[in-house]
Amino acid sequence: MLLLILVLSVGLSAEPFYDKGSQTFSFTLGTTVPTFVHFFSTNETRVGLGVDNTGMKIGGYGAISYQAFTSPYSAIGGEIGYNFNYVVDGNLYTAVPFFFKYSYLPVQGTIDLPISVGLGFVYNSGGANTSIMTLYSNIELGLTYFPGEHWGFGVRTGLWLIPELNYRKELFGDNALAGFVPITLSVSYRQ
Amino acid sequence: MKKILIIMTTITLLFTACNADATSGLFRTAAEAREALTIKYMQVVGRKGANDTLYFLTREGLFVKDTNAKAAELIVTSKEDNRVQSAAYLNDKIKLLYKTDKNDGSLFEYDPVTKASTPLPIPAAPVTDFRLMPNGKIVLKGAANSGEFWIVANDKLGSYNADGIKVTAGEGFDFYGLFTPSNYEKSDANKGFLFSFVKSGSPNEYKNYYYDGAGVNEMNNTLGSISNFSVIGTDLYILTVEGALYHLKTGALNVAAKLKDNTVGYERNAFFYPIDDGANLHFITNPSSSDSMSVFSVVKGDPKADTTTVSTIKNGYAAVLKDTFIVSSLQLDGETFLVATQKHGMYSVQVDKANVNKNDGTNVQAISKAEEYEF
């Protein structure tokens, strides 16, 4: 904790590190925790892993992202990733999110603390011919440590929100909102 | 910007179209999923009588369960190079037959009284292979590529040439499938089965035959790949792996009338359970790669394409059975049956005859929990 306060104070005391036009590339790898599913038609919310809840297990996520700074504290860009979670019956749920990403970095320098929101689409696929493209949104908090000028290592977490809005009438009763919590490690390159 | 939006919308619509075959939402399917059980059923072999002994086959081997017993007893263990592949309970002899993969195919008779297994010799060349049917009949295969087969009683194996029924499918034809109706009940009552042979080509060529318990009848050969069949009185109903339902009349089995095309496919030997509600015949089916069940409904006595319907069912009994991967079934009475599955154990099901094609809870009177079946 002391180390964290120390590095934060270093970051906070520094002048803005980034300029308009600075760029970051990140590679992300980690897990996702299926957190809840809410079914609109029955107003039923299932919370947690496994049987009688979301039905899914802890999975994995990998992604690449790119952002460019529009001001010393704000960056925009995009991310594309691949997520998988096994369902308790052995089927595999996969998601390929691709989204626009906005980040605000109130702390930057040796330590970056990006607060990000994402909005885009996700291609979801499950067993038995079930696949659907839906909207995707997320909010993430990160902490990246840059021991040098360019390369940094960090952790991120947040919340994904994936609405399943079926377009066929017979599936309207299954319209839902699913939430996942990602916990990932990242490697970033900035210039 | 406008161009980007058009491209994104097009991509979205393209991918969204992929769930056109789904009958449940993606997250609903996951939330209602259940863990697969370790017991992997292969066949409900038969029962001695109502509320009496039940025999079934799993990947572990052959089991017996008495009505009052808490647990089933393993009577024949599957071992490497001697795995039980199929079995038959002979209701008239009160004995079991089972086929294993020992020496590429061995047949045994099991006596439940002495608990002893006795090998039954399979005829030598030109016989090269055989199949054991649930009713105890043996189908022998002749020399490779000869296209010759025999149906013979299990106690007439030694004299199959004289006592068996020879079927000559033709050079190059081999086993495609042997089909027993899903409402099979017992060996001395359900003597019929359907067998289909295939000759590889482009396209494959099929020859289909119906054994009615006494003789072999040639059938329509343009049905393609058969999934399963059902016998209702003097009529045969055939489901193909492409999901088509055909009606054939005994006596004119070369004529097949297509009643309905389902948009989903089926495995070979798929669940195809007939229910007669008096006015209509309903066939409960479990399509492959689907998150629901389908019920074909045909006007009894007057099956026609324009009056045949297919209903997608995911509630009632289908809520329990739809994703279980049904491998075998056994009729207990007109509306009650056992369903053995590969993923979720065995169930006893009592459907509601009049509502069996309804997509709600009225389609079932009672359904057991997994492995809490009654027989």
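Trainee: Which residue in β8(B) does B:L107 stand opposite?

Mentor: B:L107 faces B:L120 in β8(B). Keep in mind throughout that this is a predicted model.

Start with the strands around that pair. β7(B), residues 106-111, runs antiparallel to β8(B), and five bridges join them. Both strands sit in an open sheet of chain B. It has four strands, ordered β5-β6-β7-β8, with antiparallel pairing. β5 (84-90) and β8 (116-120) of chain B are the edges. Each has a single partner strand, so one side of each has no neighbour in the sheet. The twist from one strand to the next averages 25°.

Chain B has another open sheet, again of four strands. The order is β17-β18-β19-β20, and the pairing is antiparallel. Here β17 (226-232) and β20 (252-261) of chain B stand at the edges. Each pairs with a single strand, so each has one side left without a neighbour in the sheet. Neighbouring strands of this sheet are turned by 25° against each other on average, direction ignored. Look at β18 (residues 235-240) and β19 (residues 244-249) of chain B. Five bridges hold them in antiparallel pairing. B:I238 stands opposite B:Y246 in β19(B).

B:I238 leads on to the core. The largest nonpolar core has 97 residues, and B:I238 is one of those that touch the most other members. Others in that group include B:A87, B:L96, B:Y98 and B:V139. Helix α4 (residues 317-321) of chain B gives this core its largest share, five residues. Take B:V139 for its surroundings. Beyond its neighbours within four places in sequence, B:V139 contacts B:F130, B:R131, B:M133, B:F149, B:I151, B:L178 and B:F195. Another core, of 22 residues, lies apart from the largest one. Among its members are A:Y123, A:I132, A:Y136 and B:A31.

Now a hairpin. Strands β21 (residues 272-276) and β22 (residues 280-285) of chain B run antiparallel, joined by five bridges. B:Y273 has B:I284 in β22(B) as its bridge partner. Three residues lie between the two strands, and B:G278 in this hairpin takes a positive phi near 100°.

How far can you trust the details? Chain B averages a pLDDT of 90, and 94% of its residues score at least 70. Among the elements of chain B, β21(B) has the highest mean pLDDT (97) and helix α1 (residues 2-16) the lowest (58). Where pLDDT is low, the predicted coordinates should not be read in detail. For the complex, the predictor gives an ipTM of 0.88 and a pTM of 0.76.

Finally, the partner. Chain A has one helix and nine strands. Of the 191 residues in chain A, 41% are buried. The contact between the chains takes 32 residues from chain A and 25 residues from chain B. On chain A, the elements giving two or more residues to it are β1 (23-39), β6 (111-125), β7 (131-145) and β9 (176-190). By class, this side of chain A has 16 nonpolar, twelve polar and four charged residues.

Definitions and conventions
Residues are numbered from 1 along each chain as its sequence is written. Chains are lettered from A and ligands numbered from 1 in the order in which they are written. This is a predicted model: local features need pLDDT of at least 70, side-chain atom pairs count only at pLDDT 80 or more; totals for chains, interfaces and linings use all residues. Two residues are in contact if their C-beta atoms, placed from the backbone, lie within 7 Å. Ala, Val, Leu, Ile, Met, Phe, Trp, Tyr, Cys and Pro count as nonpolar, Asp, Glu, Lys and Arg as charged, and the others, Gly among them, as polar. Two strands pair if DSSP finds at least two bridges between them. A nonpolar core is a set of buried Ala, Val, Leu, Ile, Met, Phe, Trp, Tyr and Cys residues joined through C-beta atoms within 7 Å. A residue is buried if 20 or more other C-beta atoms lie within 10 Å of its own, exposed if 12 or fewer, and partly exposed in between; C-beta atoms are placed from the backbone. Axes are lines fitted to C-alpha atoms, for helices over the stretch in contact, and angles run from 0 to 180 degrees between N-to-C directions. pLDDT is the predictor's confidence in each residue, from 0 to 100.
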